[in-house]
Amino acid sequence: MDSVANPDRTSLGDTPDGETTARIAGVARGQSPVPLSVLDLAPVSVDTDATEALLTSTELAKATERWGFHRYWVAEHHGMPGIASSSPAVLLAHLAAATGTLRLGSGGVMLPNHAPLVVAEQFGMLEALHPGRFDLGLGRAPGTDQGTARALRRTSGPPSAEEFPQQLGELLGLLQDELPIDHPHVDVHAVPRETQPVVWLLGSSDYSARLAASLGLPFSFAHHFASANTVPALGIYRDSFQSSNVLDRPYAMVGAQVIAADTHEQALHLARPIALSMLRLRSGNPGKLPTPEEAASQELTEREQAFIDNWLADAIYGTPETVREELDALGERTAADEIMITANIADRKAKLRSYELIAEAYRLPGA
C-alpha cells in the first residue's frame, strides 16, 4: 500500500471551484430519482458475430445519448466467445467518435492484466481527444481464465490480485505525474498528460469499497452478480470514506441486470439466455449467448435450475412499469447515487427496445 497515492493529494481530474465533483456526479433526468447509465458487454450469440455485436453497441450508445442516459461504460473480458468487448480503449475510441456528449468509460479495465503506463497512456489519449468525457473504471479481477491472464501479463507465475494496490498507486502517480521519489519509474512520464480521466474503483466485495473510500474515489458495485454483498459493501464505503480533491463525499453507483419488454413473458424470454450463459460460464464452459429458444428448451439438473432461478431472482425484468418499480426499490434499498443498467441481450432490436422502454418509463427527455 505504500505506493498508493496519498488521499490528501489525490488530485486526479482536479479543477477549480469544485468542478471535479460535478464531473463525477451524474445528472438525474426525467422522472428518475437518480442518474441512469449503461454498462455494455457487446454480447455475441450463436446466430450473430462480433461485428454485429459491436455495431449494436455503437447504435445503442447513440440511442442512449439521444434518450438521456448519463454515461456508457464497456467491460473488459478475454477468451469469452460470447463477449466482444475485449479491448475497452479501442471500443471507447470508436464510440466517442460516434457520439457527442455521452460520458464514456470502462466498467472496467482489469488493471492486473496491464502495465499501468499503458492504461495511463490509453485513457490519457482518449481524454485528450474528447476532453471531459472519460471515466477510467478499474477492477482487480482478470476477467478471464488463468491461462489467458498469464498470457496477457507475460508471466509464468499464478495470476494474483494482491498487487492491485501497488498497481493502482503506480497508475494514479503516472496520471498525476506524481510518482513517489523512491519509485523505480519516477523518471517515467505518461503522455499525453495534460488531461486525465476520472478514476473509479469497481468491486463485488468490500475490498475495493475500502480502497475507494481510503482514496476518496467514486465506487461502482456489481450488484448484478454479487447482490448479497451490495448493501454491506456500500455501507463500508460510505462509513470509511475520506474526502479528497476528487470527492468531498462518497459517490456510489450500483450496476444491475435490467431487461424491459412489452410483456413480462417477453422479458423472461430475453432473460433466460443470459442466465443460461452465466451458468455455463460458472461451470467452466463459456460460449456464445444461447438463443431464447435454446434457453427455454434446455434440460437442467436440479442444481442448475436452482442457479437459473437465483440469477433471475437477482435480475430486474418485466414490463416498463415493473422495471421502474424495482429499479426505484433498488435505489432506495442501496441509497445509490446512480444506477448503471446492463442488458446482456444479443438481439439488436430487443436490446434497443429494452433501453427505450426504460427511458420512456422514466420520461427521459429524448424518449
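Arg-249 and Asp-337 form a salt bridge (a side-chain nitrogen of Lys or Arg within 4 Å of a carboxyl oxygen of Asp or Glu), with their closest N and O atoms 3.7 Å apart. Arg-249 sits in the loop between helix 8 (230–239) and strand 7 (252–260) and Asp-337 in the loop between helix 12 (320–334) and strand 9, so the pair ties together parts 88 residues apart in sequence. The model is predicted: local features need pLDDT of at least 70, side-chain atom pairs count only at pLDDT 80 or more, and totals for chains, interfaces and linings use all residues. Residues are numbered from 1 along each chain as its sequence is written, and side-chain values use heavy atoms, with hydrogens and water left out.

**Salt bridges**
- The structure holds 11 salt bridges.
- Arg-71 and Glu-338 meet through their side chains at 2.7 Å, N to O.
- Arg-71 lies in strand 2 and Glu-338 in strand 9, so this pair ties together parts 267 residues apart in sequence.
- Both Arg-71 and Glu-338 are buried (under 20% relative accessible area; exposed is over 50%, partly exposed in between; 1.4 Å probe, protein chains only).
- A network of salt bridges links Arg-71, Arg-103, Asp-135 and Glu-338.

**Thr-342**
- Thr-342 belongs to strand 9 (residues 338–342); strands are DSSP runs of E, at least two residues, and helices are runs of H or I, at least four, numbered from the N terminus.
- Thr-342 counts as buried because its relative accessibility is 3%.
- Its side chain reaches the backbone oxygen of Leu-39 at 3.0 Å.

Terms used:
Polar contact = N/O pair within 3.5 Å; in protein donor to acceptor, adjacent residues only side chain to side chain.
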